[in-house]
Amino acid sequence: ASWAVEKAYGQVREERNPEREKVVAEMGRYLRANLGDPVAGQRVFKNFCAQCHTIYGQGAKIGPDITANGRSSFDQLLSNVFDPSLVIGPGYQVVTVVTRDGRNLTGLLGEDSDQRVVVKIPGGGEEVVVRNDVKYTRRSKLSMMPEGIENLLSRRDLADLFAFLSLDKPPSDPAATPIPGAPPVKPTSHLAPQGTRPQI
C-alpha cells in the first residue's frame with residue numbers, strides 16, 4: 001500500500017532540507033504581525049493536526065501529544081511546525097518495512113521484537129508483520145510530519161492555528177496565557193464570554 005502522506009504531498013525525502021530555516025524565519029515574522037483567532041485555530045487543529053496529534057486529551061496518538069511537548073516557546077513551536085525534521089523525538093522517525101511478499105509499509109515503528117514488527121500508519125491504524133516475513137527495514141532521517149504546511153493551509157488558518165497553539169491552555173479557559181515569546185492574543189474572541197454582546 002502506498003503511504004497516504006506520500007500520495008498527498010509528493011515524494012518523502014531522506015534528508016532534512018536546510019532551506020526550511022528561511023521558511024521558519026519568514027513564517028515567524030508573518031505570524032507575529034498577523035494575529036489569529038484561537039477559537040478558530042482550535043477547529044483548524046481538529047481538522048488538520050488531530051489526524052496525528054493529541055492536545056488537551058483530543059486527537060490521534062501517532063505523533064507526540066503536544067499538550068506538553070514542543071510548545072515551550074513560540075520559537076520552538078515555529079521550528080517544530082515548519083521544520084519538523086530538525087529535531088525528531090525517539091520513536092517518531094519514519095520507518096519503511098519491506099515484506100518478503102513485496103509490500104512496502106511506511107509509518108512509525110510501534111513494536112520491533114523477535115516475533116513481530118508493528119508499523120503505525122497515519123490515518124490507517126497499524127500493520128503487524130511476523131518477523132520471518134520481514135525482508136528489510138529502513139529508517140529515514142526525516143520526521144513523519146509533512147514539510148511545507150505553509151503551502152497546505154491558508155495564511156488565515158495558519159494565523160488562527162498558531163493563536164490556538166500559542167496558548168498554554170484551551171482558549172475557553174479564562175486562565176489561558178501565551179507561551180513564552182508568543183505575540184499577545186487578540187482580545188476579541190478570548191475575553192468576551194461566549195454568547196454575550198457588548199452593551200450599547
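**View 1. Contact between helix 2 and helix 4 in a predicted model.** Arg20, Val23, Val24, Met27, Gly28, Leu31 and Arg32 of helix 2 meet Phe74, Asp75, Leu78, Ser79 and Phe82 of helix 4, where contact means heavy atoms within 4.5 Å. The residues of this contact divide into seven nonpolar, two polar and three charged (Ala, Val, Leu, Ile, Met, Phe, Trp, Tyr, Cys and Pro count as nonpolar, Asp, Glu, Lys and Arg as charged, and the others, Gly among them, as polar). Because the model is predicted, local features need pLDDT of at least 70 and side-chain atom pairs count only at pLDDT 80 or more, whereas totals for chains, interfaces and linings use all residues. Residues are numbered from 1 along each chain as its sequence is written, and side-chain values use heavy atoms, with hydrogens and water left out.

**View 2. Packing angle of helix 2 and helix 4.** Helix 2 (residues 20-33) and helix 4 (residues 74-82) pack at an angle of about 125°, with their axes 9 Å apart; axes are lines fitted to C-alpha atoms, for helices over the stretch in contact, and angles run from 0 to 180 degrees between N-to-C directions. Helices are DSSP runs of H or I with at least four residues, numbered from the N terminus.

**View 3. Surroundings of arginine 20.** Arginine 20, found in helix 2, is buried, with a relative accessible area of 8% (buried means under 20%, with a 1.4 Å probe and protein chains only). A polar atom of the arginine 20 side chain lies 2.9 Å from the backbone oxygen of phenylalanine 82. Leaving aside neighbours within four places in sequence, arginine 20 is in contact with Phe82, Asp83, Glu147, Gly148 and Glu150.

Notes
Helices (H or I, at least four residues) and strands (E, at least two) are DSSP runs, numbered from the N terminus. Buried means under 20% relative accessible area, exposed over 50%, partly exposed in between (1.4 Å probe, protein chains only). A polar contact is a pair of N or O atoms within 3.5 Å; within protein, one must be able to donate a hydrogen and the other to accept it, and residues adjacent in sequence count only if both atoms are side-chain atoms.
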